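I opened this notebook to keep track of what I looked up in the structure, chain by chain.

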Amino acid sequence: MPAVAFDQVRVAVETEDSPQPKVLLDAVSLRLDEARVGVIGANGSGKSTLLRLVNGLIQPTSGTVTVDGDDTVRAVRKVRRNVGFVFTDPLSQLVMPTGREDVELSLRRSVRNGTERRSKAESALARLGLLHLADQSIYELSGGERQLMALAAVLAVEPKVLVLDEPSTLLDLRNRELLRRTLADLDQQIIMSTHDLDLALDMDRVLVVQEGQVAFDGAPTEAVAAYRHWCMQALDPAGRDAP
Amino acid sequence: MRGHGFLLANYVPGNSLLHRAPLALKFLVVLACGLLSFIVVDWRISAAVLAALGGLFLGSGAGLKRLWGAVRPLAPVLLVIGLFQWWQLGGPTAARIVLNILVCVVAASLLTATTPIQQLLDGVVQLARPFQRFGADPERFALTIGIMLRSIPFIAGTFADVRDSAKARGLERNPRALVLPVFITSVAYARQTGEALAARGLGEAED
C-alpha cells in the first residue's frame, strides 16, 4: 500500500470576520498505510480539509503532506495521477452529459487513440456493472448510479489511492449498500470520510477529527465509541438538552 | 435538481449517413447555417433550409421528440423576438429572424446528435492545434466546449428548481427571488466543477 504521510500539517485561512486566520486543521502528523482508513467527525470539524490535502486540492499553510514520497505541493500533478478523489455530490464531479463520455474524458490524457479509449472506458464501466447505463444522461440516473459512475470515471485512470469525501451522504439504504460492496472489492488504498458509522466500522483504522485536530486514531470500534461519547457530551454538557 | 432542459440534442447512437459523415463536413454545414442567417434576406429561403435540416434530423433517427426538445426551451424567447420584430419591422423580417435562429439551433443539434462527444472534442483539438505555437493548449479548448455542453442543462435545471421554490413561497413575481439564487448556484457550480476537474488532473497543461 502507498503511504500517505502528514508531517506537522496546519491549514489556516483568512476571514473577513476576524483579524486572526481561522485554523481548519492544526498539528496533524500521521502515516496512513492501511488499506482502509476512515475519517469521522462532526460537520465543520476538518474532515474534508484533511482529505483535500491528500489530493493537493488544499495546500498546507505549514508542514508537508506526501503520497508515496511525493509532496502534494511540489509534485501535485504526479500526486493527482496517483490519488483519485470522489466528491459527496456526483453531479458536481461528472462533467460530461453521459457516463461513457465522462469516463472517456478521464482517459483523454493517457490514451490518445479514440478506439482504445472507448474500449478502456467500456472496461471501466463494465467492472462496476454500469455498461448498460453508459449512454444515459447523468440526470436520468439514480443517486447511487451517479455515485458509482463518478467512481468509475476516477478508477478508469487506475489511481493507487482513492479518497472519498462522504460518498454515501446523499444515498438511500440500498445504494449505500451497493457502494459499500463496490468499495470492498477495490484493490486501491481507500481513505474515506463518512457520517455513516456502519461504513466506518468496515475500515482498518479510523481517525476522529474534532475542531481541526485528530482527537482519536485507532481501531474502528473504539473510534466510533469515542466519537459517540463526544457527540453526546457536546449535546448535553449539563443535562439541559436531555430528552 | 432537474437538468433536462437542454438546448442542443445529446448524441444518439446510429449508423445513418449523417452519423458516418466526416466531422469537418458537419462542422462546415453548421458554420454555413450561421453565415446564412446574416446573408439571407428572404424568409422563404430560411424556411426551406429549416425544413431540409428538420428532414435530415429526422432521417438521422434522432426523432421528433429530441428535435422538439432542442427547440422548446427557445420557444418563449422566439415568441417575444418575433412579436417585437413584427411590430417594428413587419411580418417577413420577423419570420426571417425567427427562422434563422431556428436554423442555427437545429444545425447545431444535428451535429451534436450525430457525433459522439469525444469525436467532437477530438475535432476541436485538431482545430485548435495551430494555436499551440502561441501557447494555447488544444485539450483545454476541448474541455471548455465539453463543460459548456454540460453546464447548459445544469443552469436550466437550476432555474426550474428556483422557480418552483419561489412559487412555493409566493415570490414568483419577484425577479430578485429568481435571478439571485440561479446566479449564486451557478457560481457555486462553477467552483465545484473547477475543483472536480483539478482533482482529476483535467485542464492542466500538458506534461
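The model I am reading is predicted.

Entry on chain B. With that definition I read the elements of chain B from the N terminus on as α-α-α-α-α-α-α-α-α, and the tally is 9 helices and 0 strands. I then looked up the UniProt record, an unreviewed entry, which lists residues 20-40, 47-64, 70-87, 99-121 and 141-160 of chain B as "transmembrane region". I checked two of these spans: residues 70-87 of chain B are 83% helix and 0% strand, with end C-alpha atoms 27 Å apart, while residues 99-121 of chain B are 91% helix and 0% strand, with end C-alpha atoms 29 Å apart. For the chain as a whole, I noted that the C-alpha atoms of chain B fill a box of roughly 55 × 50 × 35 Å along the principal axes, and that buried residues make up 28% of its 207 residues.

Entry on chain A. Here I followed an open sheet of 6 strands, ordered β6-β7-β8-β3-β9-β10 with mixed pairing, whose edge strands are β6 (83-86) and β10 (213-218) of chain A. At one end of that order, β9 (residues 205-210) and β10 of chain A pair in the antiparallel sense over 5 bridges, and L207(A) stands opposite D217(A) in β10(A). Helix α1 (residues 47-55) of chain A packs on the sheet, touching β3, β6, β7, β8 and β9 of chain A, and its direction makes about 150 degrees with that of β7(A).

Methods: Residues are numbered from 1 along each chain as its sequence is written. Chains are lettered from A and ligands numbered from 1 in the order in which they are written. This is a predicted model: local features need pLDDT of at least 70, side-chain atom pairs count only at pLDDT 80 or more; totals for chains, interfaces and linings use all residues. Two strands pair if DSSP finds at least two bridges between them. Helices (H or I, at least four residues) and strands (E, at least two) are DSSP runs, numbered from the N terminus. Two residues are in contact if their C-beta atoms, placed from the backbone, lie within 7 Å. Axes are lines fitted to C-alpha atoms, for helices over the stretch in contact, and angles run from 0 to 180 degrees between N-to-C directions. UniProt positions are given in the numbering used here, feature names are shortened, and annotations may be inferred rather than shown by experiment. A residue is buried if 20 or more other C-beta atoms lie within 10 Å of its own, exposed if 12 or fewer, and partly exposed in between; C-beta atoms are placed from the backbone.
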